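Please look over the sequence and the structure below. The report that follows takes up contacts, core, sheet and symmetry in turn.

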Protein chains: 2
Amino acid sequence: MRTLVAKPLTAEAFAPYGDVIEASSAAEMIRINQGNTLRFHNLMPLDVADGGGSACVNIFRSTPLALPIVIKTMEYHPLGSQAFMPLSGEPYLVVVGKAGQFDGTVLEAFIAAPEQGVNYAKGTWHHFSLALNKVSDFLVLDRQGDGDNCVEHDLSADEQVTISF
Amino acid sequence: MRTLVAKPLTAEAFAPYGDVIEASSAAEMIRINQGNTLRFHNLMPLDVADGGGSACVNIFRSTPLALPIVIKTMEYHPLGSQAFMPLSGEPYLVVVGKAGQFDGTVLEAFIAAPEQGVNYAKGTWHHFSLALNKVSDFLVLDRQGDGDNCVEHDLSADEQVTISF
(Lines give C-alpha, C1' and ligand atoms only; values in the text may rest on other atoms or scores of the structure.)
Protein backbone atom coordinates (compact mmCIF):
# COMPACT_ATOMS: atom_id res chain seq x y z
CA MET A 1 0.00 0.00 0.00
CA ARG A 2 1.27 3.43 -0.95
CA THR A 3 2.25 5.84 1.82
CA LEU A 4 1.37 9.54 1.69
CA VAL A 5 3.78 11.72 3.63
CA ALA A 6 1.94 14.55 5.34
CA LYS A 7 3.44 17.96 4.58
CA PRO A 8 3.20 21.00 6.84
CA LEU A 9 0.01 22.91 6.04
CA THR A 10 0.62 26.23 4.30
CA ALA A 11 -1.79 28.54 2.50
CA GLU A 12 0.25 28.23 -0.67
CA ALA A 13 0.33 24.43 -0.73
CA PHE A 14 -3.36 24.20 0.18
CA ALA A 15 -4.54 26.79 -2.35
CA PRO A 16 -5.78 24.23 -4.91
CA TYR A 17 -8.15 22.85 -2.27
CA GLY A 18 -9.36 25.90 -0.37
CA ASP A 19 -8.18 28.21 2.40
CA VAL A 20 -6.04 27.99 5.49
CA ILE A 21 -7.68 29.89 8.37
CA GLU A 22 -4.91 31.37 10.46
CA ALA A 23 -3.66 34.59 12.04
CA SER A 24 -1.12 35.14 9.30
CA SER A 25 0.78 38.27 8.44
CA ALA A 26 -0.47 37.71 4.90
CA ALA A 27 -3.99 38.63 6.02
CA GLU A 28 -5.45 42.13 6.09
CA MET A 29 -4.82 43.23 9.67
CA ILE A 30 -6.86 45.96 11.36
CA ARG A 31 -6.17 47.34 14.83
CA ILE A 32 -9.52 47.84 16.65
CA ASN A 33 -11.03 48.07 20.14
CA GLN A 34 -8.93 51.01 21.30
CA GLY A 35 -5.80 49.17 20.27
CA ASN A 36 -6.52 46.02 22.28
CA THR A 37 -7.46 43.77 19.37
CA LEU A 38 -5.82 42.88 16.09
CA ARG A 39 -8.39 41.75 13.53
CA PHE A 40 -7.16 39.32 10.86
CA HIS A 41 -9.88 40.15 8.40
CA ASN A 42 -11.98 37.98 6.11
CA LEU A 43 -9.87 34.83 6.08
CA MET A 44 -12.13 32.64 3.93
CA PRO A 45 -15.26 32.76 1.79
CA LEU A 46 -18.37 31.04 3.13
CA ASP A 47 -19.74 29.57 -0.08
CA VAL A 48 -23.08 28.12 0.98
CA ALA A 49 -25.82 29.84 -1.03
CA ASP A 50 -26.17 27.30 -3.87
CA GLY A 51 -29.63 25.81 -4.09
CA GLY A 52 -31.00 28.19 -1.50
CA GLY A 53 -28.58 27.05 1.17
CA SER A 54 -27.49 28.98 4.23
CA ALA A 55 -24.63 28.84 6.72
CA CYS A 56 -24.62 26.29 9.51
CA VAL A 57 -22.35 26.62 12.56
CA ASN A 58 -21.56 23.37 14.34
CA ILE A 59 -19.09 21.65 16.60
CA PHE A 60 -17.68 18.31 15.44
CA ARG A 61 -16.23 16.09 18.17
CA SER A 62 -13.87 13.67 16.45
CA THR A 63 -12.23 10.52 17.76
CA PRO A 64 -8.77 9.71 16.35
CA LEU A 65 -8.58 6.70 14.05
CA ALA A 66 -6.36 3.79 15.01
CA LEU A 67 -2.82 3.99 13.67
CA PRO A 68 -1.65 3.45 11.01
CA ILE A 69 -4.35 5.55 9.38
CA VAL A 70 -5.65 4.01 6.16
CA ILE A 71 -7.64 6.20 3.80
CA LYS A 72 -10.64 4.16 2.68
CA THR A 73 -13.30 6.73 1.88
CA MET A 74 -13.20 10.26 0.52
CA GLU A 75 -16.04 12.73 0.09
CA TYR A 76 -16.91 16.11 -1.33
CA HIS A 77 -19.70 18.61 -0.97
CA PRO A 78 -21.09 19.70 -4.34
CA LEU A 79 -23.22 22.52 -2.95
CA GLY A 80 -20.96 24.33 -0.50
CA SER A 81 -17.70 24.95 1.26
CA GLN A 82 -16.92 23.32 4.61
CA ALA A 83 -14.52 24.83 7.14
CA PHE A 84 -12.89 23.27 10.22
CA MET A 85 -11.29 25.32 12.98
CA PRO A 86 -9.59 23.23 15.69
CA LEU A 87 -10.69 23.98 19.27
CA SER A 88 -8.74 21.42 21.28
CA GLY A 89 -5.15 22.53 20.91
CA GLU A 90 -4.02 19.45 18.97
CA PRO A 91 -2.64 19.00 15.46
CA TYR A 92 -4.72 17.05 12.95
CA LEU A 93 -4.40 15.55 9.50
CA VAL A 94 -5.94 16.80 6.28
CA VAL A 95 -6.19 14.52 3.24
CA VAL A 96 -7.44 16.08 0.01
CA GLY A 97 -7.82 15.61 -3.72
CA LYS A 98 -8.65 18.10 -6.43
CA ALA A 99 -12.28 18.63 -7.43
CA GLY A 100 -13.59 16.61 -10.34
CA GLN A 101 -13.38 12.92 -11.20
CA PHE A 102 -11.80 11.06 -8.27
CA ASP A 103 -8.13 10.24 -8.84
CA GLY A 104 -6.50 8.27 -6.06
CA THR A 105 -3.01 8.84 -7.47
CA VAL A 106 -2.93 12.56 -6.74
CA LEU A 107 -4.12 12.77 -3.15
CA GLU A 108 -2.18 15.01 -0.78
CA ALA A 109 -1.85 14.89 3.00
CA PHE A 110 -1.10 17.81 5.31
CA ILE A 111 -0.49 18.08 9.00
CA ALA A 112 -2.23 21.12 10.44
CA ALA A 113 -0.95 22.93 13.51
CA PRO A 114 -3.39 23.42 16.41
CA GLU A 115 -3.85 27.07 15.36
CA GLN A 116 -4.65 26.35 11.72
CA GLY A 117 -8.09 25.79 10.28
CA VAL A 118 -8.97 24.64 6.78
CA ASN A 119 -11.81 25.57 4.47
CA TYR A 120 -12.52 22.97 1.80
CA ALA A 121 -13.72 24.68 -1.35
CA LYS A 122 -16.94 23.38 -2.86
CA GLY A 123 -16.13 20.16 -4.69
CA THR A 124 -12.75 19.45 -3.06
CA TRP A 125 -12.28 15.78 -2.26
CA HIS A 126 -11.38 15.31 1.42
CA HIS A 127 -11.32 12.78 4.18
CA PHE A 128 -13.45 13.38 7.24
CA SER A 129 -11.76 15.11 10.19
CA LEU A 130 -8.67 13.22 11.31
CA ALA A 131 -8.05 14.18 14.92
CA LEU A 132 -4.74 13.17 16.47
CA ASN A 133 -3.68 12.44 20.06
CA LYS A 134 -7.10 12.80 21.70
CA VAL A 135 -10.78 13.34 21.04
CA SER A 136 -10.83 16.83 19.51
CA ASP A 137 -13.46 19.46 18.82
CA PHE A 138 -13.66 21.57 15.67
CA LEU A 139 -15.89 24.52 14.91
CA VAL A 140 -17.38 23.65 11.53
CA LEU A 141 -18.90 26.15 9.12
CA ASP A 142 -20.87 24.50 6.35
CA ARG A 143 -24.10 24.58 4.38
CA GLN A 144 -27.61 23.62 5.35
CA GLY A 145 -30.48 23.46 2.90
CA ASP A 146 -32.17 21.27 0.34
CA GLY A 147 -30.28 18.96 -1.99
CA ASP A 148 -27.77 16.13 -1.60
CA ASN A 149 -24.58 17.83 -0.45
CA CYS A 150 -22.33 14.83 0.18
CA VAL A 151 -20.78 12.55 -2.44
CA GLU A 152 -18.65 9.67 -1.17
CA HIS A 153 -16.12 7.47 -2.92
CA ASP A 154 -14.96 4.19 -1.39
CA LEU A 155 -11.36 3.62 -2.39
CA SER A 156 -10.49 0.33 -4.05
CA ALA A 157 -7.71 -1.73 -2.46
CA ASP A 158 -5.34 -0.30 -5.09
CA GLU A 159 -6.37 3.26 -4.29
CA GLN A 160 -6.06 3.04 -0.50
CA VAL A 161 -3.11 4.82 1.12
CA THR A 162 -1.60 5.11 4.56
CA ILE A 163 -0.48 8.40 6.02
CA SER A 164 2.95 9.01 7.47
CA PHE A 165 3.37 12.08 9.67
CA MET B 1 -18.17 52.67 41.29
CA ARG B 2 -20.59 49.78 41.06
CA THR B 3 -19.19 46.25 40.75
CA LEU B 4 -20.71 43.68 38.42
CA VAL B 5 -20.16 40.10 39.53
CA ALA B 6 -19.52 37.83 36.56
CA LYS B 7 -21.81 34.79 36.51
CA PRO B 8 -20.98 31.48 34.87
CA LEU B 9 -22.05 31.57 31.23
CA THR B 10 -25.07 29.38 30.48
CA ALA B 11 -27.31 29.25 27.43
CA GLU B 12 -30.33 30.02 29.60
CA ALA B 13 -28.84 33.08 31.29
CA PHE B 14 -27.45 34.38 27.99
CA ALA B 15 -30.66 33.84 25.98
CA PRO B 16 -31.75 37.52 26.12
CA TYR B 17 -28.49 38.47 24.40
CA GLY B 18 -27.87 35.69 21.89
CA ASP B 19 -26.45 32.18 21.82
CA VAL B 20 -23.84 30.16 23.63
CA ILE B 21 -21.80 28.08 21.17
CA GLU B 22 -20.87 24.85 22.91
CA ALA B 23 -20.94 21.07 22.59
CA SER B 24 -23.97 20.77 24.81
CA SER B 25 -26.28 17.81 25.24
CA ALA B 26 -29.08 20.29 24.57
CA ALA B 27 -27.98 20.51 20.93
CA GLU B 28 -29.15 18.26 18.13
CA MET B 29 -26.46 15.58 18.01
CA ILE B 30 -25.79 13.50 14.91
CA ARG B 31 -23.30 10.64 14.72
CA ILE B 32 -21.44 10.81 11.39
CA ASN B 33 -18.18 9.77 9.70
CA GLN B 34 -18.60 6.04 10.28
CA GLY B 35 -19.17 6.70 13.95
CA ASN B 36 -15.99 8.68 14.51
CA THR B 37 -17.57 12.13 14.80
CA LEU B 38 -20.40 13.55 16.86
CA ARG B 39 -21.90 16.60 15.17
CA PHE B 40 -23.49 19.21 17.48
CA HIS B 41 -25.70 20.67 14.83
CA ASN B 42 -26.60 24.27 13.97
CA LEU B 43 -25.61 25.96 17.24
CA MET B 44 -26.36 29.55 16.26
CA PRO B 45 -27.93 31.64 13.52
CA LEU B 46 -25.63 33.74 11.35
CA ASP B 47 -27.76 36.87 10.94
CA VAL B 48 -25.76 38.96 8.47
CA ALA B 49 -27.92 39.52 5.39
CA ASP B 50 -29.40 42.92 6.33
CA GLY B 51 -28.56 45.65 3.85
CA GLY B 52 -27.01 43.18 1.42
CA GLY B 53 -24.45 41.97 3.97
CA SER B 54 -22.61 38.67 3.92
CA ALA B 55 -20.68 36.56 6.41
CA CYS B 56 -17.11 37.44 7.33
CA VAL B 57 -14.79 34.94 9.03
CA ASN B 58 -11.94 36.49 11.00
CA ILE B 59 -9.52 35.91 13.84
CA PHE B 60 -9.40 38.52 16.61
CA ARG B 61 -6.19 38.58 18.69
CA SER B 62 -7.08 40.30 21.96
CA THR B 63 -4.81 41.62 24.69
CA PRO B 64 -6.21 41.46 28.25
CA LEU B 65 -7.08 44.79 29.83
CA ALA B 66 -5.31 45.84 33.03
CA LEU B 67 -7.07 44.80 36.24
CA PRO B 68 -9.40 45.87 37.67
CA ILE B 69 -11.38 45.98 34.44
CA VAL B 70 -13.49 49.13 34.13
CA ILE B 71 -16.26 49.15 31.54
CA LYS B 72 -16.05 52.50 29.77
CA THR B 73 -17.50 51.86 26.32
CA MET B 74 -20.17 49.54 25.01
CA GLU B 75 -21.19 48.88 21.42
CA TYR B 76 -23.76 47.10 19.30
CA HIS B 77 -24.08 46.06 15.69
CA PRO B 78 -27.38 47.18 14.17
CA LEU B 79 -27.01 45.19 10.98
CA GLY B 80 -25.84 41.77 12.10
CA SER B 81 -24.92 39.18 14.67
CA GLN B 82 -21.33 38.75 15.85
CA ALA B 83 -19.97 35.48 17.22
CA PHE B 84 -16.75 34.78 19.15
CA MET B 85 -15.32 31.30 19.56
CA PRO B 86 -12.23 31.14 21.80
CA LEU B 87 -9.16 29.46 20.28
CA SER B 88 -6.53 29.88 23.00
CA GLY B 89 -7.80 27.68 25.82
CA GLU B 90 -8.44 30.53 28.24
CA PRO B 91 -11.60 31.83 29.89
CA TYR B 92 -12.81 35.32 29.02
CA LEU B 93 -15.35 37.86 30.16
CA VAL B 94 -18.57 38.84 28.44
CA VAL B 95 -20.36 42.08 29.36
CA VAL B 96 -23.75 42.70 27.77
CA GLY B 97 -26.88 44.82 27.86
CA LYS B 98 -30.24 44.29 26.22
CA ALA B 99 -30.89 45.76 22.77
CA GLY B 100 -32.54 49.17 22.64
CA GLN B 101 -31.83 52.44 24.43
CA PHE B 102 -28.63 52.04 26.47
CA ASP B 103 -29.30 51.45 30.18
CA GLY B 104 -26.18 51.20 32.31
CA THR B 105 -28.14 49.92 35.32
CA VAL B 106 -29.00 46.55 33.77
CA LEU B 107 -25.70 45.35 32.36
CA GLU B 108 -24.72 41.74 33.03
CA ALA B 109 -21.30 40.09 33.14
CA PHE B 110 -20.50 36.46 32.45
CA ILE B 111 -17.35 34.42 32.65
CA ALA B 112 -17.06 32.06 29.69
CA ALA B 113 -15.19 28.78 29.88
CA PRO B 114 -12.45 28.14 27.29
CA GLU B 115 -14.83 25.82 25.39
CA GLN B 116 -17.72 28.27 25.20
CA GLY B 117 -18.36 30.75 22.41
CA VAL B 118 -20.93 33.51 22.33
CA ASN B 119 -23.02 34.92 19.51
CA TYR B 120 -24.29 38.43 20.15
CA ALA B 121 -27.68 38.88 18.53
CA LYS B 122 -28.10 41.89 16.26
CA GLY B 123 -28.53 44.95 18.48
CA THR B 124 -27.22 43.44 21.74
CA TRP B 125 -25.04 45.89 23.65
CA HIS B 126 -21.66 44.33 24.45
CA HIS B 127 -18.13 45.18 25.41
CA PHE B 128 -15.33 44.26 23.03
CA SER B 129 -13.61 40.93 23.64
CA LEU B 130 -12.21 40.71 27.16
CA ALA B 131 -9.43 38.15 27.09
CA LEU B 132 -8.03 36.97 30.41
CA ASN B 133 -4.63 35.61 31.46
CA LYS B 134 -2.85 36.02 28.12
CA VAL B 135 -3.19 37.35 24.61
CA SER B 136 -5.98 35.21 23.17
CA ASP B 137 -7.34 34.45 19.73
CA PHE B 138 -11.03 34.16 18.84
CA LEU B 139 -12.64 33.00 15.63
CA VAL B 140 -15.14 35.75 14.86
CA LEU B 141 -18.15 35.38 12.57
CA ASP B 142 -19.73 38.67 11.68
CA ARG B 143 -21.13 40.77 8.85
CA GLN B 144 -19.40 42.56 6.02
CA GLY B 145 -21.16 44.92 3.65
CA ASP B 146 -22.36 48.47 3.20
CA GLY B 147 -23.77 50.54 6.04
CA ASP B 148 -22.58 51.65 9.48
CA ASN B 149 -22.66 48.48 11.57
CA CYS B 150 -21.16 49.71 14.84
CA VAL B 151 -22.80 52.04 17.37
CA GLU B 152 -20.75 52.96 20.44
CA HIS B 153 -21.77 54.45 23.78
CA ASP B 154 -19.18 55.98 26.11
CA LEU B 155 -20.34 55.39 29.66
CA SER B 156 -20.58 58.42 31.96
CA ALA B 157 -18.68 58.28 35.24
CA ASP B 158 -21.93 57.25 36.93
CA GLU B 159 -22.53 54.44 34.46
CA GLN B 160 -19.06 52.90 34.59
CA VAL B 161 -18.73 49.56 36.38
CA THR B 162 -15.92 47.25 37.43
CA ILE B 163 -16.08 43.51 36.93
CA SER B 164 -15.48 41.01 39.70
CA PHE B 165 -14.77 37.42 38.64
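## Contacts of Leu141(A)

Leu141(A) touches residues in both chains of this predicted model. Setting aside neighbours within four places in sequence, its contacts in chain A are Met44(A), Leu46(A), Cys56(A), Val57(A), Ser81(A), Gln82(A) and Ala83(A). Across in chain B, Leu141(A) meets Val57(B) and Leu141(B).

## The largest nonpolar core

Leu141(A) also belongs to the largest nonpolar core, which has 24 residues. Ile21(A), Leu139(A), Leu141(A), Ile21(B), Leu139(B) and Leu141(B) touch the most other members.

Which strands supply at least two residues each? In chain A they are S5 (37–41), S6 (54–62), S9 (82–86) and S15 (136–144). In chain B they are S5 (37–41), S6 (54–62), S9 (82–86) and S15 (136–144).

## A sheet across two chains

Seven strands make an open, antiparallel sheet. Their order is S3(A)-S12(A)-S9(A)-S15(A)-S6(A)-S5(B)-S4(B). The edges are S3 (18–21) of chain A and S4 (28–32) of chain B. Each has a single partner strand, so one side of each lacks a neighbour in the sheet. From one strand to the next, the twist averages 20°.

Val20(A) stands opposite Val118(A) in S12(A).

## How the copies are related

Chain B superposes on chain A by a rotation of 180° with 0.0 Å of shift along the axis, at an RMSD of 0.0 Å. The two copies are therefore related as by a two-fold rotation axis. Within chain B, Leu87(B) comes closest to that axis, with its C-alpha at 2.9 Å.

Of the interface residues of chain B, 100% are also interface residues in chain A, so the copies meet through the same surface.

Methods:
Residues numbered from 1 in each chain as written. Chains lettered and ligands numbered in written order. Predicted model: local features only at pLDDT ≥ 70, side-chain atom pairs only at ≥ 80, totals over all residues. Heavy atoms only, no water. Least-squares fit on C-alpha atoms with pLDDT ≥ 70 in both. Contact = heavy atoms within 4.5 Å. Core = buried A, V, L, I, M, F, W, Y, C linked by side-chain atoms within 4.5 Å. Buried < 20%, exposed > 50% of the residue type's maximum accessible area, 1.4 Å probe, protein only. Helix = DSSP H or I, 4+ residues; strand = E, 2+ residues; numbered from the N terminus. Pairing = 2+ DSSP bridges. Axes fitted to C-alpha atoms, helices over the stretch in contact; angles between N-to-C directions.
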